[in-house]
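Subject: Two-chain model, handover and findings

Hello,

Here is the structure for your files. Please have it open while you read the notes below.

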Amino acid sequence: MSNPALSTGGQHLSTDEKKVLIKSIISKYGIYFVFLGLVLFMSIMHPAFLTVNNILNIIRQVTSIGLIALGVTIIIITRGIDLSSGSVLALVSVIAASLAQNPDWGARMYPALPMLPIVVPIVVGLAIGALCGGINGFFVAKTGIPPFIATLGMMIVARGAAMIYSDGRPVSSLTPEYNFIGQGEILGIPFPVILFAIMAVLCYILLNHTRFGKYVYAIGGNEQAAHVSGINVGKYKILVYILGGVMSALAALVLSARISSGQPGLGNMFELDAIAAATIGGVSHSGGIGTIQGTVVGALIIGVLNNGLDLLNVSAYWQMVIKGVIIVAAVVFDMRKNARKS
Amino acid sequence: MQAEAEVVLDMRGISKSFPGVKALDNVQLSLKKGSVMALMGENGAGKSTLMKILFGMYSRDSGTITLDGQDVQFDSALDALENGVTMIHQELAPILHRSVAENIWLGREPVKGPLGLVDHDKMWADSQNLLRSLDLDMDPKKRMCELTVAQMQMVEIAKAISYNARIIIMDEPTSSLTDKEVKHLFEIIRRLKEEGVSIVYISHKMDEIFQICDEITVFRDGQYISCVYSRDTSQSELINMMVGRELKDMFVRESHHIGEPMLTVHKLTLEGKFHNVSFSVRKGEIFGIAGLVGAGRTELIETIFGVNQKSSGTIFVDGKEVDIPSPSTAIEHGMALLTEDRRQTGLSLMLSVEDNGCIANIDNYINKFKLLDLVRLRKETREECQKIRVKTPSMSTPIGNLSGGNQQKVLLARWLLTQPEILFLDEPTRGIDVGAKAEIYKLVSQLAAQGKTVIMVSSEMPELLGLCDRIMVMHDGKAKGILSHEEASQETIMDIALN
């Protein structure tokens, strides 16, 4: 089954073969080179960039978007989209925070509430995320409306629900246990960074080593073929959106704990940053293509850009322009990479 | 025949490589004015690649193209069109929700007035004239999605002709046409010839080639083999040239023992598609379903497989009545379905050979940690692909890079991995080359010899007649009769179908 024309392992490669080899390496690992180049550039431009503290800082800053991006990566691989992540984050943040307020705080949301174990706000928060995702998934899978529309609806509804629940005010004065989720450190490493790393590894395993993962790619690759191959497409779509909701909820816990406050305005436009991270990382919106490692690098690129441009005193307005250009450039690059097969 | 007609198009020494594959190696093609040149070869022989180079869709690595004595290089399809070369593509790409006329004049809509607004009246009128000149009875204002596939194909042909091209490339133009429309197309081709238009005709269908083509160029594995006059050659000689070996007997019927009834269908109905269909197939039997397109054959087996929900009737597997609400239940009952349309319902083009091969059998690789045993998954998928001789650079190659025959074999491997007892094969050899066909026939009879039950829908009579133990003839949603291998012939089948 081996084709002699294809053995790239030999030493005597013709220049043609070398060209093909280099091309395939660039198209496969291009995004990693871009990332390294960016890090190199920033390191040269500013001495404070490449320090342990700053690196940890960058990762910590991208954890919320990164967590959402992990979920949205899997959703996009099935040819879906999730616009509701930022709003779900806000809703979860106010609900979870309301269950984790200091008992001695006068303006508590539930004055009669005793001090609850830390698992309560966490579990309730994750459940709310799962519920929102499940509703998204239900409408996508069972009514057949486009994911863009289903999650656009959820984006507006969840934001409104967060406002209603909190009466438009921040939910503050949270317990130290809760704050640990966003501010704590283990062995000098910020807890959010550890959480992000664990979730990235779990998602990697999920996509590459489980039936769920194979089905996600199959559904994105050709939904009808997946159906005929005995895959319960609807069920897996719902699961994918539930996972997306849970990742938004995790991001909500991290973010609200970090600022020690749940806020109905939190996470505004996070869904777009997360989609951008996944897209920069090579996830294809036509489905079937994408990796977790790519998305992690995509999120880090956004983090490095934010951080580096801050260090270089680039104005926030210009930062937006630069980020927008980079996102489109990444997709153009990606299209060229995929255009070769026809 | 005009023996010394002038050469309009001469392609020489054309080579083209894709990453990992040499698609064309120093091939040539020479086309005379007012003649039809067939381009033949197995799938993957490089026919479509050469035509895409001519049409400006691919760039060549080396070689020359001479058009009317002048060297040309088309950088885009537009370039080719402006130079009088048009192409009817194998895969139709109509804009479904726009009208016939808008599809025909796409990209060159007539405009009027200082604002350059689209001149719809002229567009309708021109379309009307064009369609009428080709004896096509069609309303140009109709939307494409309201047409049948065959009608869409005829629109595509009309569109190619509307460019007033000197050279028309036809890549499998009859793949979805009925006999009547094929005849119509041939009349159009004859008329074009008289007007001095030259045609490159790519097809797998031998009888068509001999009916309409003057010369035949044969490719094999990206190489030029020969160019012959069609009156000087024969079908078997062509097959030899295409596959490079003798195809003694396409249909080797292995002796197989026919056992107990395995699948019984009683008065199965899907409203609007088929009614009260009953039959019973035994272990080790190859059961063919013949009929015209639209007879309800595909719908019938898809309904048994749980893709469609039956309106009424019962299904028995191995003597027990079963309810099959979805394909996953069908798979649990040991069924497998190789679907009719590889691209629509079979392949995920961007995924690897491995991922396409293993997808129906994932449940068998889950270990106690709920993770996939990837080592075993890879090994078994690879072995199954090797067993049925899938040719691929590697298991991680995107399946879109393989030829049609190899894609079909991967899909077959997908189902064989599930170790099915009942196999439904819907047009298993559509659009694949002679060599791959013979291999699939052999596999089918081997499966029957192993005691599997095979139900095969096909529009190719020879394969039904050659392989099947019994053939059920369907027409207009009804089972009209079942013929034994001995009784069945083209005539008896058509007789039953149409009476």
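A term first: a residue is buried if 20 or more other C-beta atoms lie within 10 Å of its own, exposed if 12 or fewer, and partly exposed in between, with C-beta atoms placed from the backbone. By that rule, 48% of the 342 residues of chain A count as buried. For chain B the figure is 44% of 499 residues.

Now the ground rules. This is a predicted model, so local features need pLDDT of at least 70 and side-chain atom pairs count only at pLDDT 80 or more, while totals for chains, interfaces and linings use all residues. Residues are numbered from 1 along each chain as its sequence is written, and chains are lettered from A and ligands numbered from 1 in the order in which they are written.

**The two chains**

Helices (H or I, at least four residues) and strands (E, at least two) are DSSP runs, numbered from the N terminus. Chain A has 13 helices and four strands. Its radius of gyration is 22 Å, close to the 20 Å that the globule rule gives for 342 residues, so chain A is as compact as a globular protein of that length. That radius is taken over C-alpha atoms, and the rule is 2.2 Å times the number of residues to the power 0.38. Along the principal axes, the C-alpha atoms of chain A fill a box of roughly 75 × 55 × 35 Å.

Chain B has 17 helices and 22 strands. A compact globule of 499 residues would have a radius of gyration near 23 Å; the 24 Å of chain B agrees with this. The C-alpha trace of chain B spans about 70 × 50 × 45 Å along its principal axes.

Next, contacts: two residues are in contact if their C-beta atoms, placed from the backbone, lie within 7 Å. Take contacts between residues at least 6 apart in sequence. In chain A, 80% of these join residues at least 24 apart. In chain B, 69% do.

**The interface**

24 residues of chain A are in contact with 31 residues of chain B. On the chain A side, helix H1 (15-45), helix H8 (211-221) and helix H9 (223-228) each supply at least two residues. H8(A) gives the largest share, five residues. The chain A side divides into nine nonpolar, twelve polar and three charged residues. Here Ala, Val, Leu, Ile, Met, Phe, Trp, Tyr, Cys and Pro count as nonpolar, Asp, Glu, Lys and Arg as charged, and the others, Gly among them, as polar.

Look at Ala225(A), which is found in helix H9 of chain A. Ala225(A) is buried, with 27 other C-beta atoms within 10 Å. Not counting residues up to four places away in sequence, Ala225(A) touches Thr345(B), Gly346(B), Leu347(B) and Ser348(B).

**The cores**

A nonpolar core is a set of buried Ala, Val, Leu, Ile, Met, Phe, Trp, Tyr and Cys residues joined through C-beta atoms within 7 Å. The largest has 176 residues, and Leu91(A), Phe424(B) and Val454(B) touch the most other members. Helix H10 (residues 233-258) of chain A gives the most to this core, with 17 residues. Leaving aside neighbours within four places in sequence, the contacts of Phe424(B) include Ile301(B), Phe305(B), Met335(B) and Ile455(B).

**A sheet in chain B**

Two strands pair if DSSP finds at least two bridges between them. An open sheet of four strands in chain B has the order E14-E13-E16-E17, with antiparallel pairing. E14 and strand E17 (320-322) of chain B stand at the edges, each with a single partner strand, so one side of each is left without a neighbour in the sheet. Neighbouring strands of this sheet are turned by 20° against each other on average, direction ignored.

Strand E13 (residues 261-270) of chain B is joined to strand E14 (residues 274-282) of chain B by six bridges. Leu263(B) stands opposite Val281(B) in E14(B). The two strands form a hairpin with three residues between them, and Gly272(B) in the turn has a positive phi of about 85°.

Five bridges join E13(B) to strand E16 (residues 312-317) of chain B. Val265(B) stands opposite Ile315(B) in E16(B), and Thr269(B) stands opposite Ser312(B).

Best wishes

Notes. Axes fitted to C-alpha atoms, helices over the stretch in contact; angles between N-to-C directions.
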